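Morning, everyone. Let me put the model on the screen, and then we will walk through it.

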Amino acid sequence: MANVSVAAEWQLLYNRYYRKPELYPLRWKNIDLSRNKVACAPFGGPIAVIRDDSKIVQLYSESALRKLRIFTSSGVLISDTVWKNPGGRLIGMSWTEDQTLICIVQDGTVYRYNIHAELIEPNVTLGKECFEQNVVECIFWGNGVVCLTEGGLLFCIPDFKVMRPCQLAETGAEDLPNCMAVIEPKYTVSGNVEVLVGVGDGILIVDEDGVQRVDGEAVQGPVQKMVVSWDGKYLAIFTHDGRILVTDINFKGVLLEYNCESALPPEQLAWCGLDSVLLYWDDTPLLMVGPRGDPVHYFYDEPLLLIPECDGVRILSNTSLEFLQRVPDSTVSIFKIGSTSPAALLYDALDHFDRRSAKADENLRLIQSSLPEAVEACIDAAGHEFDVSRQRTLLRAASYGQAFCSTFQRDRIQEMCKTLRVLNAVRDPEIGIPLSINQYKLLTPSVLIARLINAHRHLLALRISEYVGMNQEVVIMHWACSKITASLAIPDATLLEILLDKLKLCRGISYAAVAAHADKNGRRKLAAMLVEHEPRSSKQVPLLLSIGEEDTALMKATESGDSDLVYLVLFHIWQKRPPLEFFGMIQARPLPRDLFISYARCYKHEFLKDFFLSTGQLQEVAFLLWKESWELGKNPMASKGSPLHGPRIKLIDKAQHLFAETKEHTFESKAAEEHAKLLRIQHELEVSTKQAIFVDSSISDTIRTCIVLGNHRAAMKVKTEFKVSEKRWYWLKVFALATIRDWEALEKFSKEKRPPIGYRPFVEACVDADEKGEALKYIPKLADLRERAEAYARIGMAKEAADAASQAKDGELLGRLKLTFAQNAAASSLFDTLRDRLSFQVSGIVVCIFFCLFYGRKASVVGTFMKRNRDCRLSVTDNKFVSVALVQVA
């Protein structure tokens, strides 16, 4: 059977067993908990100790200056510092979830320390009212605190990561509360902190929005002490008449009631898991009360501190640290006295196997059907043990049973072995983190590793990370940064070799982050050497800029080809260095130069002009000036005032002079000169006509507008100034006169001399203006018969169009005109008649050609015949026919 000595140490509370193994004999010396304020972090965290200044104590060989000392759970000193903080008496002290020590003094100032007793700046105050009234009590929870002032006001910091104090609603009570408890935000419906305040004969629920009185049979009379369970579902209450009550958080029923021997409130009230409550008074046994049955007493002859955990309570005394917990069911099934469970028989079978007894096989046969459950129970019990030898024995029993069980999951034992190796490593007294397996699962391995590296246990953290298959980058990064901070006396080159030797262990590690830390510690040269090993430009370039290596940063950004990184460097240098120095840096680098030019063209014209001037690119400056003049033209205010002295003309003149400096831009120089001249003339026209319709129009539009306005002299001046050709001049004037319907002037203009453009534009201008009578004045003057026929057709004169087409002897034209007059039957018949007549003539010609060819006439005779009849036009079909005939006969 299983060892009786294991179960002999257990205590029975109703139907549940509890055990209290010693985790460590404490290594500290001369520490008396009754003389000090003590704050213990959950999950086996560190212990902060400072002399209680509210008590009169005798000093032995210690200094009168108070020291804040931080120990591991095994009593090994981690760090200490002299307490010199102003603000009055230290009221409360506790650890946050990330193991930051929070200290609140009398005037409401909050001081923060890390695990190495280093003060974290800045300090935070709870506010003016808190400063005036003084803090008298603090209630901490995981990551926040509620403070009570002498005036009965409640102040809260819901999250130490944000450090944003707020005031809760006023209770309205005349006296200070008897006790307080906090319901954490994650357990409330509103998501805000709720404070349970014992005032008078009842309990108040206080939050930011208001105060609510608790009504229920659970609360009768003054409340002396309260504590909320770990999961926020239950509340333990110690009443004025010495009763301990347990109710749900909504006060709907009493789950436990026990009458204690003392009516004095206990100094400490704590939950042991979720099954029992601990009460501690000085000079009396530690009392554990459960739902039913007689309580359990634990006797101590020294002061205690209860540290609640998720699955039990750590009991800290002057000399030892113990862990009081409910015995797991798997452990009970194996080690309970007289147990005949499958797990107990399997454990006993291993004992017989080690003694070479045949009874081992008998035990296995008895539990053959329940063997998987027995193996699982042994594995689970091993995980809950703190004794290494007992862990080994239980795992051997599980492995022994697994050999006869084919259905059990094979890697279950390996997983538990891996977990126990990690737990045993951190439970070592030198490390001093006594985690249980439930705490480890709730804490997670990543948080455990973070706590190890914060405690500068980098080697252990690295080995655990590698063992559980986690990324080692965090550990190595933290070690490198800590090494830089602690190695101020080591030369940069030597320290670089030390760092690189460890950093290369992790692929993809951020050298830039380590370099940034080196720069922060004033080692810029080391930072520059480290950043050279960073393979990612996105992290390398910003750091190079921060340490003042702009040239290298620009080179790295250019090599990466990332335009965003190049722009980052450009903007940084742009702000930090003089323009000429900036221009010199980018001139020889095509990518940064082109990116800068692209950006500056859109947003920084003046700066871009300075760049082009500094590099001798005068034509680029001229183009910018010309563009600016056009942009300025879009502003309606730019046309006010004389253009001779206006900004647009000045810009164009500057551009013209710059273009003239180079022989390759003669055209641009001439164009700019004429543009400025045109703008001057157009402005003069606007001033004289008092109409803003000339500026920014073309030369043709300017001439046309002048003629329309009747200013023929101005139009002639523009023609002369810009050497407008006669043909263009006639076109513009014809249509301008037609626009104003000055037919008399148009006729007069047509008779001045023979128009170089002919009379067709005159006809088109009249037709477009729907003046057929005026068009008839010019149609007969059209020399081309086909144009004349089409002009007659456009004004609807079918007979005249037919005559002109007939004279032109163009059958194709007759066909097109017929389609124009398709709705006019008489006109269509006329066109058909003329086309048939023309076709007959062509056919006669073709017959003559064949006659000549048939009788052997020479090709010259046919050619002569065709020349004599050149006025006879052949249709497309006839031409094809004649061509084929000539080819065949030849």
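The largest cavity holds about 40 Å³ of space. That volume is the space filled by probe spheres set on grid points joined across faces, edges and corners. A cavity here is a set of points, on a 1 Å grid over the protein atoms alone, where a 1.4 Å probe fits but cannot get out; lining residues have an atom within 4 Å of a point. This is a predicted model: local features need pLDDT of at least 70, side-chain atom pairs count only at pLDDT 80 or more, and totals for chains, interfaces and linings use all residues. Residues are numbered from 1 along each chain as its sequence is written, and side-chain values use heavy atoms, with hydrogens and water left out.

The lining of the largest cavity includes Asp 311, His 384, Arg 427 and Asn 438.

Now the cores. A nonpolar core joins buried Ala, Val, Leu, Ile, Met, Phe, Trp, Tyr and Cys residues through side-chain atoms within 4.5 Å. Buried means under 20% relative accessible area with a 1.4 Å probe, protein chains only. The largest core has 96 residues; Leu 499 is among those with the most contacts inside it. Helix α6 (residues 371-383) gives the largest share, eight residues. A second, separate core has 38 residues, including Ile 681 and Tyr 778.

Leu 499 touches Trp 479 and Leu 530, among others. Contact means heavy atoms within 4.5 Å.

Last, helix α14, residues 511-520. Helices are DSSP runs (H or I, at least four residues), numbered from the N terminus. Its buried residues include Tyr 511, Val 514 and Asp 519. Seen down the axis of α14, the buried residues fall within an arc of 160°, so they line one face. The arc uses directions from the helix axis to the C-beta atoms. Their cover includes α12, α13, α15 and α16.

Note on methods:
Buried < 20%, exposed > 50% of the residue type's maximum accessible area, 1.4 Å probe, protein only. Helix = DSSP H or I, 4+ residues; strand = E, 2+ residues; numbered from the N terminus. 1 Å grid on protein atoms, 1.4 Å probe; cavity = no way out; pocket = protein on both sides within 12 Å on 5 of 7 lines; lining within 4 Å. Lists of a residue's contacts leave out its neighbours within four places in sequence.
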